[in-house]
Structure formats: structure tokens, C-alpha cells
Amino acid sequence: MNDTGINGEELAAQYDPPRHRHTLQVLTCCLIGFICFLGAYMRIPVLPLLASGIGAGTTEIGLINAAFMLSAGILAVPAGLLSDRIGIRPVLLTGLALMSCASLLIPFCGTPLLLGVIYLVFGMGLSAFTPTMMSSVAKVVPRSHVGRAYSWYTTAVYLAMTIGPASGGWFGRIIGIREVFFVSGGLILLALAAVLFFRPGQGEEHHAHAEEHPEHLSGVFSNRRLMAALVGTLGGCFGFGMFISFLPLHARAQGLNVGEIGIVFAAQALMNVLLRIPFGRLSDRVDRGLMSGTGLLVCAVAVMLTGPAQGMAALIACACLLGAGMGVCFTALSSLVVVVTPPKQRGLGLGLYNSCVYLGMMLSSATMGIVIKRTSFSLGFMVTGAATFVMALLFFCLYRTVVSAPEKTGAAR
């Protein structure tokens with residue numbers, strides 16, 4: 001018996017469609033997600049260079065990126081809600097079309113303002129694609145297999161997010177900065193064609209008792225376990241945002257060069273990827289709430305220790321600890337959102353989850369820069385780790401208030 005309140009073996013026996021069909025559908029979603037995020041993340045190292053080449057200063061480049069993150073975060077909620085109303089496939093196609101068009105138009109931008117507007121459209125497309133594809137993964141598997149399905153999907157996406165910037169930099173050196181965006185747009189068009197051909201998410205709905213839950217927003221916000229998962233996601237991404245935004249500066253202040261900083265980031269990414277599949281399978285067998293909270297506490301400790309860490313070896317150790325915490329907690333959190341959200345509201349729930357991902361990182365970048373400017377990098381990391389620790393405790397409080405009586409709340413069914 002896990003946090004769903006349903007024995008996994010009994011549920012698997014109740015629904016016994018061919019396993020190879022589920023595997024093929026999940027792998028299709030993984031392939032589409034990988035291609036899309038590979039194309040999307042190729043732009044990261046070359047966009048600032050293109051922006052500076054058309055006259056954008058540091059502040060304007062920051063605003064362009066902030067506009068993208070804000071649109072990707074805020075619009076994920078209405079996109080998820082829309083996928084609940086009109087279906088997964090139209091929203092997926094719209095999101096991919098917006099991203100592809102934006103990538104193909106970026107090379108023709110002549111002013112920072114126009115670049116910012118088109119990048120805003122890119123964020124809109126990503127906000128439509130991300131929660132909807134996650135909903136598609138959940139739709140094609142029984143609830144007893146959600147954790148392992150998400151572990152494969154998030155591993156594919158994270159690999160793309162890791163490889164994308166490196167390949168973007170390589171293409172930029174070989175064929176030119178502007179041409180990278182044509183490659184990016186072409187890859188996203190390939191993902192769009194795959195959605196048209198393979199029709200991901202067109203499987204059976206395996207989640208029972210959908211009619212027991214209200215479809216309106218208040219039904220979602222009264223779901224304490226969902227709120228716990230969102231708080232945990234916000235806290236974990238607040239800590240991760242601090243790491244990706246300010247670790248390069250913290251490490252450079254200690255004398256590390258660009259290559260050594262890259263190794264620190266690679267250590268974090270590698271640990272994160274390696275743990276997702278085994279812990280995804282584990283999350284289908286144990287209490288996802290306990291697993292999520294434990295991972296969040298590990299993340300908090302890792303960010304705290306990064307502050308006083310000195311030297312490359314110490315920073316790599318902190319990065320590995322953070323990667324381990326993220327591999328554990330986010331694998332469990334994403335599947336927890338699915339199993340505690342009614343099927344008719346799943347798109348909305350995953351939209352809220354993705355909003356917390358982007359907004360958590362954005363809040364960290366916006367607020368902790370001020371703290372660091374007035375104090376130091378060490379104190380900034382320690383304050384961020386303490387904030388993540390508090391959010392982990394709040395997650396436990398919200399989650400445990402309903403763990404003893406899932407039947408009464410209906411949230412865990």
C-alpha cells in the first residue's frame with residue numbers, strides 16, 4: 001500500500017492491457033520530449049551572444065530571459081487547464097508550433113525589443129508543451145506505474161537539457177550563431193511531426209473514480225496533498241535556482257576556471273540523471289510523500305553546504321549531493337501530483353507543478369542576488385538552503401495532515 005491508498009498489485013491486476021503497448025507509448029513520449037527540449041535548450045549559450053550583437057546590454061538580456069521564464073511559468077496553468085477541456089493533442093501541437101516559429105524568427109530580429117517579444121512567444125509555447133506532455137505520459141500507464149514512467153520521461157528531458165547547451169555552442173562555432181536557431185526550430189518541427197504521426201497520450205484512462213471529484217479550481221486548491229507537492233516543488237526549485245544562477249560566480253571567486261565550473265555542473269547533472277530511473281521505480285512501491293520530503297531535505301543541506309565549500313573537490317561533492325536530492329525528490333513529486341489529482345484536473349495540476357518549477361527558480365534568481373550583493377555568496381547559499389529546509393518542513397506538515405485518512409479527503413484516490 002503506497003500513498004495512493006490502493007494496493008499496486010491489485011490495481012495492476014484490475015487493468016491488464018498489453019505491457020508492450022504502454023512501453024511503446026511512454027518511449028514515444030520520451031523521444032518527443034527529448035527532441036523538443038534538445039531544440040529548445042540549444043538556444044541557451046547563443047541567445048545572449050545574438051542579443052548583444054544587436055545592441056542589447058546586460059540588463060536587457062536579463063529582462064529578455066526573465067520575460068521568457070515568467071511566461072513559461074505563469075501560462076503553464078491555463079495551458080494545463082485548456083488540455084483538460086479540449087484534449088492533449090491540440091495543446092501539444094500549438095505549443096510546438098509556437099516554439100518552432102519563434103526559433104525560426106529569432107535570427108531575423110534586429111532590435112532587442114523584437115527579440116524579447118519573440119522570446120515571450122517561445123515561453124508561451126513551452127508553457128503549453130511541458131505540462132501537457134507530462135499529462136500525456138500519465139494517461140497511457142496505470143497509476144501503479146506512474147513513478148517509473150515519469151522517471152524515464154524526466155531522464156530523457158534532463159539529458160536533452162544537459163546536451164542541448166553543449167550542442168548549441170558547438171553548432172554556433174561550426175555554422176554560426178544565427179543558424180543555430182534554424183537547427184533548433186527544425187528539431188522542434190520534428191517533434192511536432194512526431195506528435196502528428198504517433199499521437200501520444202491516446203491511450204486508455206486508467207485512473208478510476210474521476211467522477212467523485214469536482215472539476216472547478218476550488219477542488220484543486222482544497223486538495224492538501226497537491227498543495228503539499230506544489231510547496232515542495234517551489235522549495236526545491238528555489239534552491240536549484242540559486243545553484244544554477246550563482247554557483248558560476250561563487251566558483252570563479254574561488255579561482256575556478258570555466259572548464260572546472262563546467263565539471264561541477266556536469267557532476268550535478270550526472271547524479272540527477274543516474275538516480276531518476278531506480279528511484280522512479282521505488283516511488284511506485286513506497287510512500288511518495290516520505291520520498292519527496294527526504295529528497296527536499298537533501299537538497300536543502302546541499303545548498304547550505306555550497307556556501308562555505310572551498311575548492312573544486314568540495315563544490316563537486318555539494319553538486320553531487322544536490323543532484324542526488326533532486327533525482328529523488330522531483331521524481332517522486334511529479335508522480336505524486338498525478339496520483340493525488342483527479343484525472344479530469346490532471347492538466348491543471350501539472351500546469352501548477354510546472355509553474356512552481358519556473359517561478360521557484362525565478363524567485364531565487366531575483367531575490368538572492370540582492371542578498372549576495374549586500375552580504376556574500378556564502379551567506380546567500382546558506383540562506384537559500386535554510387529557506388528550502390523550511391519549505392521541506394511545510395511540505396511534511398501539509399502532506400501528513402491527510403495521510404491518515406485518504407478516504408475522507410478523496411485526494412489520494
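**Confidence and fold**

Colleague: What pLDDT does the protein chain average?

Modeller: This is a predicted model. Of the residues, 85% score at least 70. The chain average is a pLDDT of 80.

Colleague: Over which residues is the pLDDT below 50, and how many contacts beyond near neighbours in sequence does the stretch have?

Modeller: The pLDDT is below 50 over residues 4-17. Beyond near neighbours in sequence, the model gives that stretch 19 contacts.

Colleague: How many helices and how many strands does the protein chain have?

Modeller: Strands number 0. The count of helices is 17.

Colleague: What share of the contacts with a separation of 6 or more is between residues 24 or more positions apart?

Modeller: Take burial as background: 54% of the 413 residues count as buried. For contacts with a separation of 6 or more, the share from residues 24 or more positions apart is 87%.

**Two helix pairs**

Colleague: Are H11 and H14 roughly parallel or roughly antiparallel?

Modeller: H11 covers residues 224-253 and H14 covers residues 312-340. Their axes come within 10 Å and cross at roughly 155 degrees. Angles over 145 count as roughly antiparallel. Therefore H11 and H14 are roughly antiparallel.

Colleague: How do the residues of the contact of H11 with H14 divide into nonpolar, polar and charged?

Modeller: H11 contributes residues including Phe240, Phe243 and Leu247. From H14 come Leu322, Met326 and Phe330, among others. The division is 16 nonpolar, 4 polar and 1 charged.

Colleague: What is the angle between H7 and H15, and what does that make H7 relative to H15?

Modeller: H7 is residues 112-139, and H15 is residues 346-374. The axes are 9 Å apart, with an angle of about 130 degrees. That angle makes H7 oblique to H15.

Colleague: Is the crossing of H7 and H15 left-handed or right-handed?

Modeller: The contact includes Leu126 and Met134 of H7, with Leu350 and Tyr353 among the residues of H15. Its residues divide into 7 nonpolar, 5 polar and 2 charged. The crossing is right-handed.

**One serine**

Colleague: Is serine 151 buried or exposed?

Modeller: Serine 151 lies in helix H8, residues 146-175. Its relative accessibility is 0%. The cut-off for buried is under 20%. So serine 151 counts as buried.

Colleague: Which residues is serine 151 in contact with, leaving aside neighbours within four places in sequence?

Modeller: Neighbours within four places in sequence are set aside here. The contacts of serine 151 are then Arg276, Ile277, Gly280 and Thr331.

Definitions and conventions: Residues numbered from 1 in each chain as written. Predicted model: local features only at pLDDT ≥ 70, side-chain atom pairs only at ≥ 80, totals over all residues. Heavy atoms only, no water. pLDDT = per-residue confidence, 0-100. Contact = heavy atoms within 4.5 Å. Axes fitted to C-alpha atoms, helices over the stretch in contact; angles between N-to-C directions. Helix = DSSP H or I, 4+ residues; strand = E, 2+ residues; numbered from the N terminus. Parallel < 35°, antiparallel > 145°, perpendicular 65-115°, else oblique. Left-handed = near helix turned anticlockwise from the far one by under 90°. Nonpolar A, V, L, I, M, F, W, Y, C, P; charged D, E, K, R; others polar. Buried < 20%, exposed > 50% of the residue type's maximum accessible area, 1.4 Å probe, protein only.
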